[in-house]
Amino acid sequence: MTRESAGETTAGATERATVEAKGGAAGQVRKVAVVGGGPGGLYTAALLKRLDPTREITVWERNAPDDTFGFGVVLSDETLGGIEHADPVVHEALKAEFVRWDDIDIVHRGVRHRSGGHGFAALGRRRLLEILHERCRSLGVELRFRTEAPHPARLAQTYDLVVAADGVHSTTREAFADVFRPALTGHRCRYIWLAADFAFDAFRFEVAETEHGVMQLHGYPYAADASTVIVEMREEVWRAAGFDELDEGESVDRCAKIFSDALGGRPLRSRNSLWTTFRTVVNERWSHGNVVLLGDAAHTAHFSIGSGTKLAVEDALALAACLTEQDTTAAALAAYEQERRPVVASTQRAARASLEWFENVGLYLGQRPRQFAFNLLTRSRRVTHDNLRLRDAHFTGSVEREFGCPPGTPPMFTPFRLRGLTLPNRVVVSPMDMYSAVDGVPGDFHLVHLGARALGGAGLVMTEMVCVSETGRITPGCTGLYTGRQTEAWRRITDFVHARSPGGAIGVQLGHSGRKGSTRLMWEGIDQPLPEGNWPLVAASPLPYRPESQTPRQLSRAQLTDIREQFTAATWRAARAGFDLLELHCAHGYLLSGFLSPLTNRRTDAYGGSLAKRLRFPLEVFDAVRGVWPEERPMTVRISATDWAADGTTAEDAVEIARAFAAHGADAIDVSTGQVVAEEEPDFGRSYQTPFADRIRHEVGIPVIAVGAISSWDDVNSLILAGRTDLVALARPHLYDPHWTLHAAAEQGYEGPGVVWPEPYRAGSRPPRTGRTDAPKPRLSLGT
């Protein structure tokens with residue numbers, strides 16, 4: 001990612017001050033300048049003029065009226081509803097032009113699968129502009145084509161409102177970059193917008209496996225006799241295929257040959273089409289004085305979810321509404337941003353997930369055709385298993401059967417085997433530190449906490465990080481496995497789970513706090529040092545976690561041996577305590593994780609430097625633990641797949657780390673992220689850590705456990721059926737509802753071996769009624 005911002009000159013400061021001073025009552029917005037004559041800018045002009053015909057509105061567009069990027073535009077029913085409500089004239093004109101269809105075709109290795117019930121509406125981009133031109137002219141908006149707009153600062157001085165709708169390369173945004181603070185992120189694929197003179201009968205995705213690499217086609221109709229065709233491939237494939245040396249006509253002909261089957265041998269055509277890379281635009285602010293960003297100038301979303309024009313039109317609707325509702329221009333622009341920013345952020349997350357899926361489509365080519373199709377359809381996380389089942393039950397059912405789901409069985413309730421352990425379902429209660437032990441001994445709280453979640457139906461319940469030594473604890477309230485008393489206390493808990501949880505298993509997570517130890521209980525100050533009674537810390541390198549944290553001592557060779565022996569002793573106790581699975585904690589900045597990350601391992605000996613050297617000690621510990629852990633019981637490893645910080649562990653590193661543990665006998669990788677350095681900047685969002693697990697699963701070929709902001713059973717089903725993970729670990733949902741898995745079964749109407757209600761709870765396997773819902777309805781209404 002690059003952050004593009006302009007240094008502020010004295011002149012720039014003066015211009016900025018002038019812009020900031022401009023503004024007034026929103027109802028007093030009499031003169032409006034719109035920079036950019038795309039759909040967003042034109043629709044904004046039309047709406048503002050329609051709301052107040054006395055306004056003077058001018059649109060500047062540097063290109064000719066019929067110059068446009070791309071061919072077809074897709075709009076959702078939701079967006080069309082907003083247009084219909086705001087301007088029926090525009091809606092009727094669009095309605096007369098739309099091509100509608102419901103199906104999506106996915107072609108993979110010569111096999112086509114069709115999924116229905118999706119609902120699309122599209123029209124030509126040029127025709128869309130013509131409709132908006134006509135509407136603007138009829139309302140009295142002045143359109144200036146082939147004309148560069150004056151400098152934004154000058155516009156801000158002479159107009160009450162300046163709407164910057166000048167696209168991804170916005171000159172307005174760049175003029176005030178020090179205020180808007182844009183971040184523009186480039187991506188890995190090259191793509192080109194083309195058209196075909198026939199109409200696809202569905203939205204079509206097709207993959208071509210060429211000698212140079214994977215290429216893909218995105219195609220959809222926008223008229224009765226025309227379709228948009230986008231050809232996309234990774235940069236290295238584009239260069240290997242020689243597209244970097246071809247002119248426009250040669251590129252078009254080559255694309256037509258590569259996808260001749262999809263095109264039925266027909267040619268493609270272009271319109272000043274150039275190969276380009278997509279850029280994601282994010283701005284810290286959307287307005288500056290009386291200047292406001294709209295559409296691609298403010299934000300972009302990858303074309304694979306078809307949201308560019310949709311977002312711009314919705315921006316226009318929101319901006320017009322806020323200017324009508326608010327008392328001042330400043331309040332209106334603030335309200336506009338407050339309303340739109342969460343929607344845009346959600347769309348951009350979905351678009352990024354879709355973009356990255358297509359960047360890495362080569363990972364999924366080995367999937368069975370139906371699963372590949374399901375994976376593609378659910379790539380953005382907007383379409384889910386349950387949603388797709390409502391749209392097309394036949395298609396979804398065929399994917400489930402191919403996956404191996406017995407009739408009536410959701411994917412999450414299929415069994416999964418690791419070595420000699422067969423889990424009845426795919427739900428894992430994620431390790432969660434409870435900070436409630438005394439002298440490392442788990443007590444009644446742990447029995448109730450873990451026992452309740454085992455009774456709740458999860459296939460596997462994991463303990464919190466259980467520490468291998470007293471000085472390896474995070475807090476005084478952490479549990480351990482370094483004494484016989486602790487072992488017996490854990491045995492009490494495992495015995496309960498095995499006796500009372502039908503088919504369920506319990507696993508132990510072993511770890512050492514490293515430099516993150518000797519801290520207060522979470523609710524007393526997370527990661528804050530103890531006010532008294534601290535114990536000395538050790539780590540890969542003498543680096544404190546926070547400035548106020550204790551500085552650890554760098555471990556010597558002899559101390560490394562001691563700690564390795566502590567892990568093996570704890571493992572022996574874990575086996576004796578009756579745990580079914582053991583997980584080695586190599587994540588979240590604790591001791592073993594501290595060796596893996598280049599940000600926390602600055603050693604110059606055999607345990608530091610290259611990734612292979614940073615892996616050395618964690619692998620030594622793994623080998624020692626595997627050597628004493630019973631052969632038939634599985635071992636997993638939790639890793640942080642990224643540090644969310646510059647120069648830290650990357651996704652590529654995570655693949656190699658997982659590959660190394662797999663080579664040493666790990667049965668699965670539990671893929672988490674972050675918590676390694678305090679200065680991290682996580683990219684939070686729904687299922688935000690899943691792509692790391694997905695990549696490891698497909699590149700390394702090892703089972704994975706996905707974690708991170710996964711909260712619904714629908715998401716669990718989607719991830720498993722798409723082949724992005726094998727197991728799903730949930731933390732907070734299990735704090736909210738210990739019986740989350742049982743309730744997921746009840747809500748899906750599932751009764752089977754994948755989850756069994758404990759006999760004392762069976763009466764609660766149906767949701768209780770909350771009130772009468774069958775009251776008789778009035779038979780007669782008398783008008784007044």
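Q: Which residue in the turn of the β6-β7 hairpin has a positive phi?
A: This is a predicted model, in which local features need pLDDT of at least 70, side-chain atom pairs count only at pLDDT 80 or more, and totals for chains, interfaces and linings use all residues. Residues are numbered from 1 along each chain as its sequence is written, and side-chain values use heavy atoms, leaving out hydrogens and water. Two residues lie between β6 and β7; strands (E, at least two residues) and helices (H or I, at least four) are DSSP runs numbered from the N terminus. The turn residue with a positive phi, about 50°, is R109.

Q: Which residue in β7 stands opposite I106?
A: Two strands pair if DSSP finds at least two bridges between them. β6 and β7 run antiparallel and are joined by five bridges. The residue opposite I106 in β7 is H113.

Q: Which three residues supply 31% of the area that domain 1 buries against domain 2?
A: An automatic or database assignment sets the domain bounds, giving domain 1 (26-358) and domain 2 (369-528 + 537-750). Between them about 2000 Å² is buried, 62% of it from carbon and sulfur atoms; buried area is the accessible area (1.4 Å probe) that two parts lose on being put together, summed over both. The three residues that supply more than any other three on the domain 1 side are I106, H113 and W357.

Q: Which element gives the most residues to the side of domain 1 that touches domain 2?
A: The contact (heavy atoms within 4.5 Å) takes 24 residues from domain 1 and 19 residues from domain 2. β6, β7, β12 and α13 each supply at least two residues of the domain 1 side. With nine residues, the element that gives the most is α13.

Q: Which residue meets R188 in a salt bridge?
A: A salt bridge is a side-chain nitrogen of Lys or Arg within 4 Å of a carboxyl oxygen of Asp or Glu. Two are counted between domain 1 and domain 2. At 3.3 Å, N to O, the side chain of R188 meets that of E652.

Q: Why is one side of β4 and of β5 left without a neighbour in the sheet, and which strands are these edges?
A: The open sheet has three antiparallel strands in the order β4-β8-β5. Each edge strand has a single partner, so one side of each has no neighbour in the sheet. The edges are β4 (72-75) and β5 (99-101).

Q: Which residue in β8 stands opposite V73?
A: β4 and β8 (residues 120-124) run antiparallel, joined by four bridges. Opposite V73 stands L123.
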